[in-house]
Every structure is written in C-alpha cells, then in structure tokens.
Amino acid sequence: MNASKFLVIAAVVSMPAATFAAGADGHGHGMASGEPGKASQASRTINVEMYDNYYEPEMIDVEPGETVRFVVENKGNLVHEFNIGTPGMHDAHQKEMKMMVEHGVIQGGQIHHDMMNMDMGNGHSMKHDDPNSVLLEPGESQEVVWTFSDKGNVEFACNVPGHYQAGMYGEINLK
Ligand SMILES: [Cu+2]
C-alpha cells in the first residue's frame, strides 16, 4: 500500500476529495490483483517485451495463487511501464504518470531519476517504486515477481500517458 505517495500527488493537483478516495482504494495492492512475490517461490519465468506501444505476449495465463517471475525488457524507443493491477488501479496510476510527464520526469525515451527524488515541497517525491510495476527506458530490463490472487480482473498495462489508450495493455487469464 502506497497511499502516502498518492496523497501527495492528489494534494499537488488539488483533486477533489471524492476522486482522491476512489484513487486511494484503487491504488491498494490488496486482494484485487495479488501481492509481491518471492523469486524463490516462482513457478516459472515469463519474458515480456515492450514495444511502441504494445506488449509481447499480449495475453498471459496464470494459475490462481501462482507466483510468476516476469523479466521485462523495453525494446521500444519510448519509456514504457509494466504494471500489474486492476483497471481501476491503472486508471488511478495514469493520473500520477500524467503528473510525471507534466513535470518533465518522463520525456520520450528518458526517465529523469534525479527529478523523481526531488522534494515536492513537503518531504515527498515522485518516485516510481511500487512492487507491482517497473518503468523502463529503451534497452533496460527489470524483474517483477508477483503472486496472483484467486480471482479478480487483472491486467498488465503501461500507464505512460496515451499508451494504455493506444492499446498498451494485456490480459491476465486466471485459469
Ligand atoms: Cu508505454
């Protein structure tokens, strides 16, 4: 749960209280999508390649409760994200990512990590460090280990502004 970060961003953009409440709920890493897993407990490794603007593969079958190690590589020319969550979580995160682009933290194929660490004026920052996602520059590769729950509507998606809308999301089929 990383409600504190969302709270900061919500305050910065002066979101109405109702919007904030919905976003905070959607941003939780609870039963809805699963929880961070341990690589030692992963039943298998799935390689995911990111392009401009789609994933390969676009659909992944998992067993309920399965722990999967994803090795994610950005083979595109733009910054892309691999984020496991419900459609509601992705919607909330897209608002955060829009902020990051507006502040110049993400520009085309570059992530300005120094700006992510920048104090927003209240001791908080725009760090992108949730365990359900990685944000990668072209050529970068990182792992996400995730334990899926028994049910739920879960997708992997890129929440860089415009990418989800361009179709950069994939289905997770709980068998
Ligand atoms: Cu993307």
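I started with the largest nonpolar core: of its 30 residues, Val72, Phe82 and Phe156 touch the most other members. I took such a core as a set of buried Ala, Val, Leu, Ile, Met, Phe, Trp, Tyr and Cys residues joined through C-beta atoms within 7 Å. Buried means 20 or more other C-beta atoms within 10 Å of the residue's own, with C-beta atoms placed from the backbone.

I then listed the elements that give two or more residues to this core; among them are β5 (67-74), β6 (80-85), α3 (87-102) and β11 (155-157). β9 gives the most, with three residues. Helices (H or I, at least four residues) and strands (E, at least two) are DSSP runs, numbered from the N terminus.

This is a predicted model, where local features need pLDDT of at least 70, side-chain atom pairs count only at pLDDT 80 or more, and totals for chains, interfaces and linings use all residues. Residues are numbered from 1 along each chain as its sequence is written.

I looked up valine 72. Leaving aside neighbours within four places in sequence, its contacts (C-beta atoms, placed from the backbone, within 7 Å) include Val48, Phe82, Val134 and Leu136.

Next I traced the open sheet of five strands, which has the order β4-β12-β11-β6-β9 and mixed pairing. Strands pair if DSSP finds at least two bridges between them. The edge strands are β4 (59-62) and β9. β6 and β9 run antiparallel and are joined by four bridges. I found glutamate 81 bridged to leucine 135 in β9.

Last, I checked the whole chain: 32% of its 175 residues count as buried.

Methods. Buried ≥ 20, exposed ≤ 12 C-beta atoms within 10 Å, placed from the backbone. Contact = placed C-beta atoms within 7 Å.
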